[in-house]
Amino acid sequence: MAKRLEITQLGEEILRTKAKPVEDPLSPEIENLIQEMKATLVIAKGAGLAAPQVGVSKRIFIML
């Protein structure tokens, strides 16, 4: 089961910084991050989530 990630708060530096591109979208690290983001989004009852919102500077966005 994927763990829930901490959602960053408005005003945190990572939210103002341009996210880095994803080098290997099929890597186990990225796949795990996406699963954790999905779990976080479901628990938060949201519609979409970007990696910087969970403290990761990567250009990843998910939407349910």
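Modeller: Before we start, helices (H or I, at least four residues) and strands (E, at least two) are DSSP runs, numbered from the N terminus. This is a predicted model: local features need pLDDT of at least 70, side-chain atom pairs count only at pLDDT 80 or more, and totals for chains, interfaces and linings use all residues. Residues are numbered from 1 along each chain as its sequence is written, and side-chain values use heavy atoms, with hydrogens and water left out.

Biologist: Fine. How many helices and strands does the chain have?

Modeller: One helix and two strands. From the N terminus on, the order is α-β-β.

Biologist: How does the radius of gyration sit against a compact globule?

Modeller: The two agree: a compact globule of 64 residues would be near 11 Å, and the chain has 11 Å. That radius is taken over C-alpha atoms, and the globule rule is 2.2 Å times the number of residues to the power 0.38.

Biologist: What share of the residues is buried?

Modeller: 28% of the 64 residues. Buried means under 20% relative accessible area, with a 1.4 Å probe and protein chains only.

Biologist: Now H1. What does it span?

Modeller: H1 covers residues 28–44, 17 residues in total. From first C-alpha to last it reaches 24 Å, close to the 24 Å expected at 1.5 Å a residue. The expected span is 1.5 Å times one less than the number of residues.

Biologist: And what comes just after H1?

Modeller: Lysine 45, with a positive phi of about 55°.

Biologist: Which residues of H1 are buried?

Modeller: Ile30, Leu33, Glu36, Met37, Ala39, Thr40 and Leu41. Their cover includes strand S1 (48–50) and strand S2 (61–63).

Biologist: Glutamate 36 is on that list. What is its nearest side chain of opposite charge?

Modeller: Lysine 3, 4.5 Å away. Lys and Arg count as positive, Asp and Glu as negative; His and the chain ends are not counted. Glutamate 36 has no salt bridge, meaning a side-chain nitrogen of Lys or Arg within 4 Å of a carboxyl oxygen of Asp or Glu.

Biologist: What does glutamate 36 touch?

Modeller: Ala2, Lys3 and Leu5, leaving out residues up to four places away in sequence. Contact means heavy atoms within 4.5 Å.

Biologist: Switching topic: which residues form the largest nonpolar core?

Modeller: Ten: Leu5, Ile30, Leu33, Met37, Leu41, Leu49, Ala51, Val54, Ile60 and Ile62. H1 gives the most to this core, with four residues. Such a core is a set of buried Ala, Val, Leu, Ile, Met, Phe, Trp, Tyr and Cys residues joined through side-chain atoms within 4.5 Å.

Biologist: And what does leucine 49 touch?

Modeller: Met37, Thr40, Leu41, Val54, Ile60, Phe61 and Ile62, again without residues up to four places away in sequence.

Key: Buried < 20%, exposed > 50% of the residue type's maximum accessible area, 1.4 Å probe, protein only.
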